[in-house]
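Q: Could you help me learn to read a new structure? I would like to start with a pair of helices.

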Amino acid sequence: MSLPEEARKRAEELRREIRKHDYHYYVLDNPLITDQEYDSLMRELVELERRYPELVTPDSPTQRVGGAPLKQFRSVRHSTPLLSLGNAFDAGELRDFDRRVRQLVGEAVDYVVEPKIDGLTVVLTYENGNFVLGATRGDGLTGEDITENLRTVRLLPLRLLGAPRRLVVRGEAFMPKKAFARLNEERDNRGEPPFANPRNAAAGSLRQLDPKVTAGRTLGFYAYQIIECEGREFTTQWEALSFLKEVGFSVQEQNKRCRDIEEVIAYCNSWIEKRHVLNYEIDGMVVKVNSLRLQKVLGNTAKSPRWAIAFKFPAEQAVTQVKDIIVRVGRTGVLTPTAVLRPVVVAGVVVSRATLHNEDMIREKDVRIGDHVVIQRAGDVIPEVVRVLPERRTGVERVFRMPDRCPVCGGRVLRPEGEVAARCTGIACPAQLKELVLHFVSREGMDVEGIGPALVAQLVDKGLIRDPADLYFLRKEDLVNLERMGDKSADNLLRALEKSKKRGLAPLLFALGIRYVGTRAAEILAERFGSLDALAAAGEEELTAIPEIGPKIAASVATFFKQEQTGRVIAKLKEAGVLMERQELPETNDLPLTGKTFVITGTLPSLTRKEAEDLIKKYGGRISSSVSKRTDYLVAGKEPGQKYDKARELGIPIIDEAALLRMLPAD
Ligand SMILES: NC(=O)c1ccc[n+]([C@@H]2O[C@H](COP(=O)([O-])OP(=O)(O)OC[C@H]3O[C@@H](n4cnc5c(N)ncnc54)[C@H](O)[C@@H]3O)[C@@H](O)[C@H]2O)c1
Ligand SMILES: [Zn+2]
């Protein structure tokens with residue numbers, strides 16, 4: 001077959017790309033792309049070289065491992081080259097591996113399976129039991145001398161017990177998850193870029209010119225292979241592992257001997273979900289032929305041994321594109337921006353949505369509509385966007401803006417200063433209806449006995465209520481058909497609803513579920529305004545002027561009452577006969593101001609506003625904040641406001657402080 005020019009061009013391009021990423025990954029410990037992206041570039045190149053073998057060059061990344069050692073370190077020539085591992089991504093590929101092995105050796109084999117630690121290989125040399133040399137893998141043939149740095153790793157034995165004259169061991173140095181999280185946090189605090197993953201953090205820590213820096217990082221080490229052991233022969237990997245433990249190395253406890261490939265598969269699969277229980281990252285399981293004699297028979301290819309393979313866990317990260325950013329409304333009204341993704345398989349599941357948490361997070365990560373992003377799905381956690389790949393932007397990406405209207409009900413969205421969550425304030429918001437209704441009937445609210453979450457769920461799901469006011473329009477025939485609702489309980493419920501209509505203004509205000517209006521604020525507002533209409537008519541400024549009402553509450557109340565859906569629900573409540581006025585104490589008719597409503601405006605000559613109000617209340621009068629037809633007197637001081645004009649317009653008696661005092665008994 002002739003070699004198409006395109007194939008040659010693409011192969012060159014892929015090699016250039018892969019070499020660049022090898023450099024960033026192995027030499028700089030700072031990868032630009034995810035392992036999955038890297039693996040797919042590599043797979044494409046392998047596939048091209050398989051189809052056109054004349055493309056294969058000795059220096060192709062498919063033929064060699066690792067990256068060039070850094071010049072700052074003394075280089076160390078390895079006695080045995082360090083290779084990569086072939087990959088198996090599922091049970092079928094493990095069975096293929098087993099078949100190849102058995103064909104080559106002509107007999108049945110058993111295996112050792114070991115968690116594949118996501119760290120970096122180090123080669124340790126011991127003489128007379130003393131640690132004398134530690135090296136990185138480098139390009140597989142030559143590594144870097146990092147002996148001094150390795151001495152600071154506590155899990156690495158500096159002296160062995162009963163060891164031979166010379167011992168060369170391979171193992172994995174790694175950074176435990178907790179230490180990794182802590183390190184990145186510290187770096188973030190200092191304004192330094194975080195490490196992409198624990199592997200890079202471990203590599204970066206060990207390839208420090210100053211061992212003191214390494215000493216400050218928490219690193220672990222597990223031994224997994226004997227390269228040389230003077231005066232001793234081992235017959236199996238399993239035996240070698242127990243020898244390593246005997247002389248003082250840490251060896252993974254999860255290593256397991258398996259009789260055949262089916263047992264291997266079962267063990268590998270059992271670790272897919274369990275991987276997170278370890279305190280260090282593993283990215284798969286290494287499957288090794290147990291017999292060392294057979295390992296020799298099998299030998300190596302240029303890049304990897306034929307006697308071992310890495311079973312790779314399904315990737316928990318993937319790259320895809322953000323097609324859109326939509327907003328979801330939770331049951332408590334919180335708006336959560338969500339990325340709509342080009343569907344992609346992550347850890348064995350198709351993912352087409354990922355959470356972006358909140359507006360601040362989007363800004364921080366700078367996620368835009370159209371961006372290519374790395375997403376992650378680990379364990380049971382909701383898929384999330386990890387980071388953006390800004391180098392893949394084309395310029396058509398769009399910045400997301402949080403809507404100021406709820407996408408479900410059109411209600412106003414409120415995000416108070418200092419809070420991350422934006423919330424829908426709609427009282428008839430279908431997304432939050434169940435929560436709203438439960439709040440409405442709660443003890444401090446309308447106190448309707450006999451309504452719990454199960455009943456509310458039925459009422460909402462069957463479409464019997466669309467907002468809290470609908471509760472008052474339920475008929476007996478609606479109720480008796482519900483689950484666990486007998487004739488008698490339906491009657492009881494209707495009676496409880498009827499009774500709740502007389503709860504009065506403060507409980508009603510609480511029941512409406514206005515954000516930040518708890519029982520106390522409800523009490524204050526009720527006392528201040530006397531009626532729901534008066535409160536609804538009050539502007540934000542008027543609300544803020546009340547000493548106990550902060551700007552947050554004021555804004556929330558004003559926003560709530562400005563909405564059309566609020567008006568609709570209140571009209572329905574009124575129609576149902578719900579009491580909208582402050583619940584009076586049983587009226588004692590002998591007080592001089594009983595039944596009279598007062599509005600105060602301007603500065604009074606001797607009384608403060610509060611004193612005047614207290615006085616009026618003390619003698620049975622009511623205070624309202626706005627003038628309406630139901631106002632009995634306007635008490636006007638110096639520089640009265642618009643209320644003055646309104647009162648004149650409506651023909652309401654206007655009195656001064658002296659006249660007010662004359663209405664009271666002299667005492
Ligand atoms: N993101 C990037 O830019 C980028 C660049 C280069 C390589 N990579 C990633 O690195 C991988 C290839 O790297 P590699 O060749 O270093 O490793 P590998 O996946 O081929 O596996 C070999 C390594 O596994 C490790 N290992 C852990 N536990 C082991 C055990 N119990 N027994 C034996 N070995 C064990 C050893 O360090 C060994 O060197 C690729 O899968 C690729 O995803 C990523
Ligand atoms: Zn809404």
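A: Gladly! Here α12 passes α13 in a right-handed crossing; a crossing is left-handed if the near helix is turned anticlockwise from the far one by less than a right angle, and right-handed if clockwise. This is a predicted model: local features need pLDDT of at least 70, side-chain atom pairs count only at pLDDT 80 or more, and totals for chains, interfaces and linings use all residues. Residues are numbered from 1 along each chain as its sequence is written, with chains lettered from A and ligands numbered from 1 in the order in which they are written.

Q: At what angle do helix α12 and helix α13 pack?

A: Helices (H or I, at least four residues) and strands (E, at least two) are DSSP runs, numbered from the N terminus. Axes are lines fitted to C-alpha atoms, for helices over the stretch in contact, and angles run from 0 to 180 degrees between N-to-C directions. Helix α12 (residues 433–441) and helix α13 (residues 453–461) make an angle of about 130 degrees, their axes 10 Å apart.

Q: Which residues of α12 and α13 meet?

A: Contact means C-beta atoms, placed from the backbone, within 7 Å. Leu433, Lys434, Val437 and Leu438 of α12 meet Pro453, Val456, Ala457 and Val460 of α13.

Q: How many residues surround ligand 1?

A: A residue is near a molecule if its C-beta atom, placed from the backbone, lies within 6 Å of it. Ligand 1 has 22 residues around it, and the closest are Tyr25, Asp35, Ser84, Glu114 and Thr121. With four residues, α1 gives the most to this shell.

Q: Where does ligand 1 lie?

A: Domain bounds come from an automatic or database domain assignment. Ligand 1 lies between domain 1 (5–63) and domain 2 (75–312), because both give residues to its shell.

Methods. Contact = placed C-beta atoms within 7 Å.
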